[in-house]
Amino acid sequence: AHLVAGYTDLDELRPLAAKGLIGGIYLAKRNVRGRDLAAVAAEIAELQAIRRRAELPPLIVTADQECGAVSHLSPLLEALPPLANFAGSRDPAADARAYGERQGRGLANLGVTLNFGPVVDLRPADKTWPDPLSNIAARAIASDPQQVADIAGGYLDGLNAVGVRGTLKHFPGLGRVRTDTHLRPAVLTASTDDLAADWQPFRQLAGHP
């Protein structure tokens with residue numbers, strides 16, 4: 001029930017869905033490349049119909065459409081700018097909510113129910129941070145924890161309004177880590193007190209509806 005599976009072959013996925021051996025699926029670039037929205041949506045709808053016939057809960061359908069640098073479902077779905085763009089707006093939370101609704105409608109039309117965003121790691125002060133794959137310096141909303149929480153909270157409200165849930169990522173303090181965790185293990189030496197600001201957006205938004 002808690003296993004979300006990526007896939008390349010729909011024929012292999014159907015029996016897993018029917019027997020309750022997975023709880024969800026992950027839509028990757030390979031699943032949408034060169035295809036139109038109707039075809040991908042029909043594929044997801046078919047899997048959900050299999051679940052209903054088996055009297056099983058709907059599959060969680062996940063995607064990593066963070067936008068900005070991470071837009072794995074584009075160009076099938078509209079590529080939007082990063083949430084960091086709202087850090088200087090007059091009403092960032094409201095702008096982020098409208099953005100979340102706009103993005104969420106596209107995801108919902110495809111059949112996605114859970115998006116892997118927003119990033120609520122704090123932006124490191126050093127933009128040349130040696131983190132080429134995670135690239136938190138470019139993907140983080142801001143360095144101020146309250147500003148991050150306000151914008152991310154508005155975004156989650158927008159997603160929720162159209163039936164899509166969000167994910168707080170990645171981990172408090174990741175922006176402080178000088179090793180790219182895609183490539184090798186990292187050690188974070190900051191103290192609990194040092195990490196108070198990094199934890200703040202996660203704590204504020206963890207119970208967000």
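Along the sequence, the chain follows the pattern β-α-β-α-α-β-α-β-α-α-α. In total, 7 helices and 4 strands are found. Helices (H or I, at least four residues) and strands (E, at least two) are DSSP runs, numbered from the N terminus. The model is predicted: local features need pLDDT of at least 70, side-chain atom pairs count only at pLDDT 80 or more, and totals for chains, interfaces and linings use all residues. Residues are numbered from 1 along each chain as its sequence is written, and side-chain values use heavy atoms, with hydrogens and water left out.

The 4 strands form an open sheet in the order 1-2-3-4, with parallel pairing. Strand 1 (4-6) and strand 4 (114-115) each have a single partner strand, so one side of each lacks a neighbour in the sheet. Strands count as paired if DSSP finds at least two bridges between them. Strand 1 and strand 2 (residues 24-27) run parallel and are joined by 3 bridges. Opposite G6 stands Y26 in strand 2.

Along the principal axes, the C-alpha atoms fill a box of roughly 50 × 40 × 35 Å.

Of the 209 residues, 42% are buried, meaning under 20% relative accessible area (1.4 Å probe, protein chains only). Among contacts (heavy atoms within 4.5 Å) between residues at least 6 apart in sequence, 68% join residues at least 24 apart.

Technical notes:
Buried < 20%, exposed > 50% of the residue type's maximum accessible area, 1.4 Å probe, protein only.
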